[in-house]
Amino acid sequence: MTNFTHSFIIPDVLLLIFPFVVIGIRLFVTTQSKVPWRLANFGFIAIFFLLNFIPLASGNGKFFICNWKVDDFGVLMREVLMVSALLGMWLSKDYFEHGADKKPQMHQIAEFIGAIAFATFGGFVVVSACDLLTFFLGLEIATIPMYALAAWNKRDQFGSEAATKYILMGSVATAFELFGFSYLYGFAGSLHFNEIQAAVASGTNPLLWVSVLFLFCGIGFKLTLFPFYTWAPDVYEGAPTPVTAVLSVTSKATAIAFLVVLVYGPLSPIQDKIAPLIALLAGVTLFVGNLGALKQSRLRRFMAYSSIAQAGYIMVALLGPATMAKTSIIYYLFVYAVSNYLAFFVFGIIGHHREETFNSLRGLSKQNPSLGIALAISMFSLAGIPPLAGFFGKFHLFFSGASTGHYTLVAFAVLNNVIALFYYLQLIKSAWVDEPDNHLNPLRLTKRQRNVIILLSCSVVVLGFLPFLSDNIFAGFTH
Amino acid sequence: MNTILFNSIWVLPLLTVLVCALIPASYSKTLRTIHVTSATLVLGIVCYLTYSVYALSGTPSDPAAAPLALRFFTDIPWLSVFNAHYIVGADGLNMLLLALTAFIVWAGVLVSLHIKGNQKIFFALIQLLATSVYGVYMSFDLVLFFVFYEMEALCMYLMIACYGSGKRDYGGKKLTLTLAFGSSMILATLFGLFFESGANSWNLIEISKTTLPMDFQMWAFPLMFMGFAVSSSLFPFHFWSPDGHSAAPTAVSMLAAGVMMKMGAYGCLRVAMFLMPEAAKIWLPYVVALLIFNVVLGPFIALRHKDLKYITAYSSISHLGLIFLGLAALTPIGLRGASLQMISHGFLTGLFFATIGMIYERTHTRDITEMGGIMRKMPFLGVGFVLAGFAGLGLPGFSGFIAESTIFIGAFQQDSTITRVVTVLAILSITTTAVYILQTANRMLHGPLPQKYEGLTDGTFREKLVIVVLVACLLFIGVCPGWISEILDQSIAPIFAKISAAGL
């Protein structure tokens, strides 16, 4: 092993083996849910730290037929995905436990964790792919476990409906992507990114534009861009809460990573030419998302529209130069993940005892002040109010977009924030202003839920104005 | 040492919040003691530093901050990703505004000691609001400035919607969203300032040394100026203020009208006009035209209202209009008058809302037609209200007179017809102000006392203390304005130098 130069692959291999181990233990050793849970905790945290502390975490090589390259963006994106996987797993824990009066809401924790790990691994592949084939494989590995996750409560009719919609829409998206890839291959005559980039740089023709259009359509489904976002509210509403959270972070992060790899990789020579397309998609998406959220009364449907709008905001950053865009997107994904999971943790606790609607939040701040504060923190962060992390995240994104002179789009996005603030305030109003309703079941927090909520709230408050996270990400790109 | 004290102005309230977060809400007396101590401590520090700034005047200021005459200058790298720094400093203008804020926060904490609801959260929010206002006045880095500027939105909504009265949710939302609209207009232009100036810095002083491209200034200046003006309720963005103020609890009304609305005018002067003087010269005459609403129609609307807080809100709208008149005059005297008016109006509107709050706590109504004869039962509060009114209508001896007459002189100096016409109209509108203030005082304080108010008592010691201190401040500025002007002039000189150097 003295000459082993491929140490950058260690976290990926570990993550790939991991689900087999967890499911294997569940099948052959013990059926207790504690074991896979502890193993997953240990494994996810270990992989996260491996990513942080292996200085050799970047490099490139060829495995079988896959060209593999791990750069700074890849490493940081892996960390985002690991954070999301870990939080998603923590969130799901309560759903596998027996309530005081009823059966657990979900079963088979080992397989669930395995599916999350597979989806995360798919994201790993997407950010390290160097050719279209690997790229496509990664995207599919990331997506297919999501179909299973969405249908986890197979007896629930809304869940099944959601999963069906998701599979149908996802397959159409995949078809679009494959079509785009095939034209791209036809245009460049090679699958490898470097050669495609060279071909794109040497000249364009309509074939390339058709391919770009199809690629954007395909990824538009997964990133919930206008006009392909319509599936999101139904799926977010129908899927189990932890799955919705994973869907809104991991799946979105993977999709945006896909775009980053494409725009700053093979398509970088024509970035200024596709900028109008990106700007249009960004502007319309965030506007539509914000408008859609205005009239919602169910929490997860509301979060679906909110996350559609967030996708629009992230797109704004894609207009900037490579380093700036990548830094801002990674940073934003971190704070978005933390804020979003915080919201879902609160909704999850509410969902355990009540219906997941705005009405269930009534009097929250009076009965459970800590939950009320956590909710306010996460909503204000998602709305981009300083000094919370969400503001600095959006500031990064807009900074990237404005650096190439897209002031109009940035101004539009910033003004849209006012609409966003309106609907987040609606939610805060339910929790803070409305009088408690005695017909609602009381909420109980376990110690673990409490700790996680405190941890996430503090992160949301601190990650923004303390330069720790953003500086580290920035240093990752400029060392 | 003074620099550390200066930085502690915004850190102390934040520390108070953190300390109080660890104390259970049932220890309400301890919590109140901590908050009062903290507010008093900050007030002491600010007064001491204001005096230091005065004592230091004439000595050379920090060379790193030239051309601005800043003391206690601190510049620490903060977010390296976009080169944001932590830059704070004090010149006369912001030091006086800090002093104003400290007084109002102190008074606000004292008047709300017995507020209903979760006191722990309420006081935490007040301290957060104080942090944000202090931060706005102190910072000279645009990112830092904006972070503090928009932080208020977070506190304001919760305080109004949870602790307010009447249409509190509506008022709170209206206020927060309108202010957020204003700050998003500012944010949109901030990026332009960074990239178009070529300074690659958010440092206000660095950007002021460059000349921004004219075509950029032409769209950015109105956007930014109006963005700031939203929070100072310049027409047509004044509509949030009456509803917001009337729904807010006393302390929040005091803070909102007393110090938060000055943040907008301060931003107009410090950021918009200072960085884009060329465009300012072109656009400000249009602002003067908008002022006709604020200064001329504002008092007439106040005349028609029956709710005390609505009357005060419209009176604020007209007084804040005068600040913009001073700014738009673009003369040193006008700018000095505008700054004086910011401070003077802060104290007087603080006093106004404080007395209204105290009276409302007793009568449970703010409708002046239902009140009468209050002077007999509450002479102290009544006199406090009347004195605030006198200061508001510009009675010599109070701060209002000094500030308004300076503005009128400054504005009349500018030889543009529209400014002069508006100045004359503004001077005439003082008559209307006198009418509504005297009419309100008359209906409320004199006449027959309704039966239900027989049992009312005068202010407690705490309330009297607040009134006495605020009245003393008003008188102090009114009687020895030279002291204040001396501090102000050294900070206005560099701003005016930049404006007068700007060619068209």
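This is a predicted model: local features need pLDDT of at least 70, side-chain atom pairs count only at pLDDT 80 or more; totals for chains, interfaces and linings use all residues.
**Entry 1**

Residues are numbered from 1 along each chain as its sequence is written, while chains are lettered from A and ligands numbered from 1 in the order in which they are written.

Next I looked up the contact between these domains: 38 residues come from domain 1 of chain A and 40 residues from domain 2 of chain A (contact means C-beta atoms, placed from the backbone, within 7 Å). On the domain 1 side, helix 3 (72–93), helix 7 (193–202), helix 8 (206–222), helix 9 (231–238) and helix 10 (241–264) of chain A each give at least two residues. Helices here are DSSP runs of H or I with at least four residues, strands are E runs of at least two, and both are numbered from the N terminus. Helix 10 of chain A has the largest share of that side, 12 residues. I get 27 nonpolar, 7 polar and 4 charged residues there (nonpolar is Ala, Val, Leu, Ile, Met, Phe, Trp, Tyr, Cys and Pro; charged is Asp, Glu, Lys and Arg; the others, Gly among them, are polar).

**Entry 2: chain B against chain A**

I then checked the chain contact, which takes 27 residues from chain B and 30 residues from chain A. Strand 1 (71–79), helix 5 (142–163) and helix 6 (168–197) of chain B give two or more residues each to the chain B side. Helix 6 of chain B has the largest share, 12 residues. That side divides into 19 nonpolar, 5 polar and 3 charged residues.

**Entry 3: a helix pair in chain B**

I looked at helix 15 (residues 379–392) and helix 17 (residues 417–445) of chain B, whose axes come within 9 Å and cross at roughly 170°. Axes are lines fitted to C-alpha atoms, for helices over the stretch in contact, with angles from 0 to 180 degrees between N-to-C directions. Helix 15 and helix 17 of chain B are therefore roughly antiparallel (over 145 degrees). Helix 15 of chain B brings Gly382(B), Phe385(B), Val386(B), Gly389(B) and Gly392(B) to the contact, and helix 17 of chain B brings Thr433(B), Ile437(B), Ala441(B) and Leu445(B).

Notes:
Two residues are in contact if their C-beta atoms, placed from the backbone, lie within 7 Å. Angles under 35 degrees count as roughly parallel, over 145 as roughly antiparallel, 65 to 115 as roughly perpendicular and the rest as oblique.
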